[in-house]
Amino acid sequence: MIPVLTPAEMASADARTTAAGTPEGALIERAGRAVAWRVRAVLGGTYGRRIAVIAGRGNNGNDGRVAGAALRAWGAHVVVLNMADGIDGRARRAIARAHLVVDAMFGTGLRDTLEGNAAEFVGLIASARVAGALVIAVDIPSGVDGLTGAVRGPAVHADHTVTFAAPKPGLWFHPGRAHSGAVTMADIGIDLGSEAWRTVIVEPHDVAHWIPRREVTAHKWRSGVLVVGGSDGMTGAPMLVAHAALRLGAGIVWAALPGRSAELASGSEVITVALPDDGAGVLAEHGVATLQAALACGRFGALVLGPGLGRAPETAAAVRSLVATTTIPLVLDADGLTAMTGELDNLRHRTAATVLTPHDGEFARLTGAPPGEDRIAAARALAVVTNAVVLLKGPTTVVAAPDGRVALNPTGGPALATAGSGDVLSGMIGAFCAQGIDGFEAAAAGAFVHGRAADRAGHTGLVASDLPVAAAGVLNEIMNRNGQEA
């Protein structure tokens with residue numbers, strides 16, 4: 001795991017480090033030299049190179065000045081421009097002629113829109129970049145909110161960013177992520193403290209540690225998954241869930257669909273079960289008894305509820321009954337989430353693990369408002385209210401536990417913007433939960449493997465049914481390269 005610190009947590013870490021005896025000047029010197037080394041690596045050397053450093057008033061600006069001094073000592077032609085002095089002919093010439101521009105105007109504490117000199121410098125940097133200059137940002141590109149990644153006006157587009165001690169959330173959430181380029185973390189001796197592990201970025205070896213290896217005495221019913229979903233014309237969603245669960249380690253999967261939908265979906269390794277319906281393919285509330293009987297056998301390790309189920313009042317009532325009575329780990333997705341609108345107490349009082357997988361629209365229906373800019377805070381708040389793990393989908397997926405832990409997923413991209421990809425993710429998480437994995441870890445591992453599978457297989461024509469096999473291959477690779485025996 002890679003720890004992520006908010007700007008406020010980073011300020012506390014800085015204060016703790018200096019209080020323990022490390023001079024602030026020493027931290028600035030280390031930070032500036034780390035930037036200089038990155039410039040040197042990016043340019044392939046510094047002798048004779050033209051570099052413009054734009055420095056603000058605070059420590060971010062001082063980091064840039066130290067970097068400039070080091071680069072000058074290594075033979076570069078360095079012009080340090082003070083942002084407060086504004087733009088004159090010298091500044092325009094220095095930036096226009098630069099092989100590389102160092103953005104040291106503002107750090108992670110910025111909350112306002114860039115105006116005046118700062119906005120003008122952003123424009124000059126953009127022109128230089130179009131002309132071929134590289135841009136390196138110090139800690140975070142100026143104009144990007146360090147907490148949320150929001151951009152509210154002019155902002156620097158960097159090719160590289162050197163951040164210190166730990167990444168900041170704004171480097172991971174769009175549009176800030178797109179402004180940051182390749183991010184390098186420099187250890188400058190800051191004491192991160194215990195809060196460093198409150199929010200983390202998932203890495204492959206975390207997944208390898210969380211996912212158990214199948215025992216030689218394994219039996220299919222030790223990791224069974226029950227999928228409840230589908231309605232007339234919506235049989236694809238639960239079957240995507242089911243096939244993903246099988247590919248990611250479920251020993252056996254039953255897909256329970258209302259009425260004749262079960263017949264339409266049959267014909268694979270997945271066992272389909274017909275549930276009582278209203279005659280029109282809508283799950284009737286008395287279908288709950290059939291499901292409760294299936295769950296009472298004690299053979300299923302997880303229930304995935306909701307994909308393609310529909311939003312009829314009877315169906316919503318059936319979902320709420322199942323949520324209230326099911327005593328095994330539950331993954332609630334799609335129409336299952338919508339059914340819980342105004343009924344969050346049913347979730348809070350569950351005794352087994354619960355994983356909610358909302359996109360922004362489903363989040364808004366559950367809570368009454370969209371997540372907003374601070375997606376970490378939004379996911380945390382819903383996790384606390386529901387006593388459930390919340391996987392908030394997005395370009396950077398957030399997984400939050402009720403105890404305050406948060407995992408950010410670094411994998412995945414626009415290839416996942418295809419119908420059914422979320423169903424595949426639910427099936428993967430269900431399979432992990434059925435294998436006895438903690439709900440938080442199952443959701444974080446599922447998001448990571450799901451995203452990496454899309455990264456590997458991703459193209460304009462990617463469809464959701466491509467993902468289960470690709471995800472199985474990714475998980476196998478992770479386990480072999482980063483396994484528990486390593």
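Ala334 counts as buried, because its relative accessibility is 16%; buried means under 20% relative accessible area, exposed over 50%, and partly exposed in between (1.4 Å probe, protein chains only). Ala334 also has a positive phi of about 50°, although it is not a glycine. The model is predicted: local features need pLDDT of at least 70, side-chain atom pairs count only at pLDDT 80 or more, and totals for chains, interfaces and linings use all residues. Residues are numbered from 1 along each chain as its sequence is written, and side-chain values use heavy atoms, with hydrogens and water left out.

**Backbone features**

- Ala334 sits in the loop between strand 13 (330–332) and helix 12 (335–338). Helices (H or I, at least four residues) and strands (E, at least two) are DSSP runs, numbered from the N terminus.
- Asn387 has a positive phi of about 55° and is not a glycine. Its place is the loop between helix 15 and strand 15 (389–392). Asn387 is partly exposed, because its relative accessible area is 38%.
- The peptide bond from His174 to Pro175 is cis, with omega near 10°. Pro175 lies in the loop between strand 6 and helix 6 (176–180).

**Salt bridges**

- Side chains of opposite charge can pair when their charged atoms come close.
- The structure holds eleven salt bridges. A salt bridge is a side-chain nitrogen of Lys or Arg within 4 Å of a carboxyl oxygen of Asp or Glu.
- One of the salt bridges joins the side chains of Arg16 and Asp191, at 3.5 Å from N to O. This pair links distant parts of the chain, 175 residues apart. Arg16 is in helix 1 (residues 7–19), and Asp191 is in the loop between strand 7 (182–186) and strand 8 (199–201).
- Arg16 has 28% relative accessibility, so Arg16 counts as partly exposed. Asp191 has 40% and also counts as partly exposed.
- Arg152 forms a salt bridge with Glu373, and their closest N and O atoms are 2.6 Å apart. Arg152 lies in the loop between strand 5 (134–138) and strand 6 (160–164), and Glu373 in the loop between helix 14 and helix 15, so the pair ties together parts that are 221 residues apart in sequence.
- Arg152 counts as partly exposed at 37% relative accessibility. Glu373 counts as partly exposed at 44%.
- Arg152 and Glu373 also belong to a network of salt bridges that includes Arg111 and Asp145.
- Arg405 forms a salt bridge with Asp403, with the closest N and O atoms 2.9 Å apart. Arg405 counts as partly exposed at 31% relative accessibility. Asp403 is exposed, with a relative accessible area of 55%.

**Helix 14 and helix 15**

- The axes of helix 14 (residues 360–367) and helix 15 (residues 375–386) come within 12 Å and cross at roughly 50°. That makes helix 14 oblique to helix 15.
- Axes are lines fitted to C-alpha atoms, for helices over the stretch in contact, and angles run from 0 to 180 degrees between N-to-C directions. Angles under 35 degrees count as roughly parallel, over 145 as roughly antiparallel, 65 to 115 as roughly perpendicular and the rest as oblique.
- Helix 14 passes helix 15 in a left-handed crossing. A crossing is left-handed if the near helix is turned anticlockwise from the far one by less than a right angle, and right-handed if clockwise.
- From helix 14, Asp360, Phe363, Leu366 and Thr367 meet Arg375, Ala378 and Leu382 of helix 15. Contact means heavy atoms within 4.5 Å.

**Helix 10 and helix 11**

- Helix 10 (residues 287–296) packs against helix 11 (residues 313–325) at an angle of about 25°, with their axes 10 Å apart. That makes helix 10 roughly parallel to helix 11.
- Their crossing is right-handed.
- Val288, Leu291, Gln292 and Leu295 in helix 10 meet Ala318, Ser321, Leu322 and Thr325 in helix 11.

**Helix 4 and helix 5**

- Helix 4 (residues 89–97) and helix 5 (residues 116–130) pack at about 30°, and their axes are 8 Å apart.
- The crossing of helix 4 and helix 5 is right-handed.
- Ala91, Arg92 and Ile95 in helix 4 meet Phe121, Leu124, Ile125 and Ala128 in helix 5.
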